[in-house]
Amino acid sequence: MRSSIVKKLLCCGAKSFPSDDAVPEGHVRVNVGKDIVCKFEMEANYLNHPLFENLLRLSEEEFGYSYDGALRIVCDIDLFQYLLHLLKTSNPSAHYMELPDLISKFYSSNATHLPADK
C-alpha cells in the first residue's frame, strides 16, 4: 500500500520550513500559490507526471529558473491538491488529461458545490 503522497506541512501564512527539518528521501518541497503560498511536501516522482511538467512550465514562465528554496508552482492551491488527490487515488483520468482539461474539470465540479449568489 502506498504511503501518503502529500503531507501538508505549513500552509497559508507560514514563512518557512524549520531549517533542521529534513525532507524524507524521495520527497520534495513545493511552494504552491500565487498571492498566498502554501508549502507542501510530496513524492518527487510526481514531478515527472505530464500535468506537473505543465504546471512547472507555467511557473518557469512566471519566475524563471532562478529562485531559492523549494520549487514554486503557480496555481490555485485547491487545484494542486485536486491533482495530488487524483494521483494518490490512482485515478486513471489523470493519465489522459491535459492541463486545460484538469483545470476545466476542477472548476466545473467545484461550481456545482458553490452557493448561488443572492
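Trainee: What should I know before I start?
Mentor: This is a predicted model, where local features need pLDDT of at least 70, side-chain atom pairs count only at pLDDT 80 or more, and totals for chains, interfaces and linings use all residues. Residues are numbered from 1 along each chain as its sequence is written, and side-chain values use heavy atoms, with hydrogens and water left out.

Trainee: In what order do the elements of the protein chain run from the N terminus on?
Mentor: Elements are DSSP runs, numbered from the N terminus: helices are H or I with at least four residues, strands are E with at least two. Here the order is β-β-β-α-β-α-α. That gives three helices and four strands.

Trainee: How many of the residues are buried, as a percentage?
Mentor: Take the cut-offs. Buried means under 20% relative accessible area, exposed means over 50%, and partly exposed is in between, with a 1.4 Å probe and protein chains only. In this chain of 118 residues, 34% are buried.

Trainee: Which residues touch the most other members of the largest nonpolar core?
Mentor: A nonpolar core is a set of buried Ala, Val, Leu, Ile, Met, Phe, Trp, Tyr and Cys residues joined through side-chain atoms within 4.5 Å. The largest one has 26 residues, and V30, V32, M42, F52, I73, F80 and L102 touch the most other members. β2 (27-32), β3 (38-43), α1, α2 and α3 each supply at least two residues. Helix α2 gives the most, with eight residues.

Trainee: How is a pair of aromatic rings described?
Mentor: By the distance of the centres and the angle of the planes. Rings of Phe, Tyr and Trp (its six-membered ring) pair if their centres lie within 6.5 Å; planes under 30 degrees apart count as stacked, over 60 as edge-to-face, and the rest as tilted. The count here is four aromatic pairs. Take F52 and F80: their centres are 5.7 Å apart and their planes at 75 degrees, so the pair is edge-to-face. F52 lies in helix α1 (residues 50-63) and F80 in helix α2, so this pair ties together parts that are 28 residues apart in sequence. Both F52 and F80 are buried. Ring pairs also link F40, F52 and F80 into a cluster.

Trainee: Are F106 and Y107 buried or partly exposed?
Mentor: F106 is buried, at 5% relative accessible area. Y107 is partly exposed, at 41%.

Trainee: Which residues is A70 in contact with, beyond its neighbours within four places in sequence?
Mentor: Contact means heavy atoms within 4.5 Å. A70 is in contact with R29, V30 and N31. A70 sits in the loop between α1 and β4 (71-73), and it is buried at 17% relative accessibility. A70 and R29 are 41 residues apart in sequence, yet 5.2 Å apart from C-alpha to C-alpha.

Trainee: Where does S59 lie, and what does its side chain reach?
Mentor: S59 lies in helix α1. A polar atom of its side chain lies 2.8 Å from the backbone nitrogen of V74. S59 is buried, at 4% relative accessibility. Not counting residues up to four places away in sequence, S59 touches G64, R72, I73 and V74.

Trainee: What is the phi of S90?
Mentor: Positive, about 55 degrees, although S90 is not a glycine. S90 is found in the loop between α2 (77-88) and α3 (99-111). It is partly exposed, with a relative accessible area of 47%.

Technical notes. A polar contact is a pair of N or O atoms within 3.5 Å; within protein, one must be able to donate a hydrogen and the other to accept it, and residues adjacent in sequence count only if both atoms are side-chain atoms.
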